[in-house]
Amino acid sequence: MPGPAGQGRPLPASPATAVYCRARDYPTDTVIPLHHHPDRHQLVYAESGVLVVHAGSGRWVVPSTRAIWMPAGMGHRVDCLGTVRMRSLYIAPQSMPTAPAEASTVSITPLLAALIHAAVEVPQPYDPRSRDGRLMHLILDELQALPVLPLHLPDPSDPRLRRIARQWQRRPHDGSTLHDWATRLQVDVKILQRLCARELGMTFGQWRQQTRLLHALEQLAQGRKVIDVALALGYDSPSAFSSMFKKRFGLSPSQFFR
């Protein structure tokens, strides 16, 4: 169920303007409070730095050179890890009728990155028939086929799962098994299994791996070494961690952040 939307932030763009681009830079540890854009979809692109976005009932990590798609009206809070160069596209819903209805972290193609960089300089309003208009139309074309990345961590509502989540937030290397947690919480193992499937859409093991993965991404994106991150998360070796990472993303940690 969607969470609160926070303050609405209308934009200084005409309803007839299909795409509006804004560039903002934020110092490390900036928190952009909960808010929403009532009349625009948003693509939040981290040209540099790392964003942790809390929206709806989950959390997304957005490493440098990736982005998050945010449907119009969805409330979100943004935490900036490190100095962030944020470039945001605001899309009129009528100009992209097949836009995704859910938030998601996406890869940004080199072409779209260059288009976003150019769109920052486009004055508003622009003539749709001009060069600027064609540039913005090409952005809409590129947005139709962005690869979605598995960088979302659902936020459970059940107090028993929330207790597990809090523990992993403090101690991501915690290796307690499903049976360990069932004993600790005094519930049947099958109850925890059903809760994970119903609230998170994944198994207990998948949830733990995803939690570790997002924690690792935050650390790696801020410049920590692979060996330090791997050992801090409880992996036996950097190679074991890198193998898990590559299985999930198709790239090694060094390739992912290149």
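**Notebook: one predicted model**

I looked up Leu111 and found it partly exposed, because its relative accessibility is 40%. Leu111 belongs to helix H1, which runs over residues 110–119.

**Entry on Gly58**

Next I went to strand S5, residues 58–62, where Gly58 is found. Is Gly58 buried or exposed? Gly58 is buried, as its relative accessible area is 9%. I listed what Gly58 touches, leaving out residues up to four places away in sequence. The list holds Val53, His152, Leu153, Pro154 and Asp155. I also checked Gly58 against Arg131, which is 73 residues away along the chain. Their C-alpha atoms are separated by 39 Å.

**Entry on the cysteines**

I searched for disulfides and the count came out as zero. A disulfide needs the two sulfur atoms within 2.5 Å. Cys21 is buried at a relative accessible area of 9%, and Cys80 is buried at 1%.

**Entry on the whole protein**

I counted secondary structure and got nine helices and 10 strands. How many of the 258 residues are buried, as a percentage? Buried residues make up 48%. I wrote down the extent of the C-alpha trace along its principal axes, which is about 65 × 35 × 30 Å. For 258 residues, a compact globule would have a radius of gyration near 18 Å, and the protein has 20 Å, so the value agrees.

I then looked at contacts between residues at least 6 apart in sequence. Of these, 73% join residues at least 24 apart.

**Entry on surface and charge**

The protein exposes about 12,800 Å². Carbon and sulfur atoms supply 53% of that area. I counted 30 positive side chains and 20 negative ones. The centres of these two sets lie 4 Å apart.

Notes: Residues are numbered from 1 along each chain as its sequence is written. This is a predicted model: local features need pLDDT of at least 70, side-chain atom pairs count only at pLDDT 80 or more; totals for chains, interfaces and linings use all residues. Side-chain values use heavy atoms; hydrogens and water are left out. Buried means under 20% relative accessible area, exposed over 50%, partly exposed in between (1.4 Å probe, protein chains only). Helices (H or I, at least four residues) and strands (E, at least two) are DSSP runs, numbered from the N terminus. The radius of gyration is taken over C-alpha atoms; the globule rule is 2.2 Å times the number of residues to the power 0.38. Contact means heavy atoms within 4.5 Å. Accessible areas come from the Shrake-Rupley method with a 1.4 Å probe; for residues, only the protein chains shown count as cover. Lys and Arg count as positive and Asp and Glu as negative; His and the chain ends are not counted. The place of a charge is taken as NZ of Lys, CZ of Arg, CG of Asp or CD of Glu.
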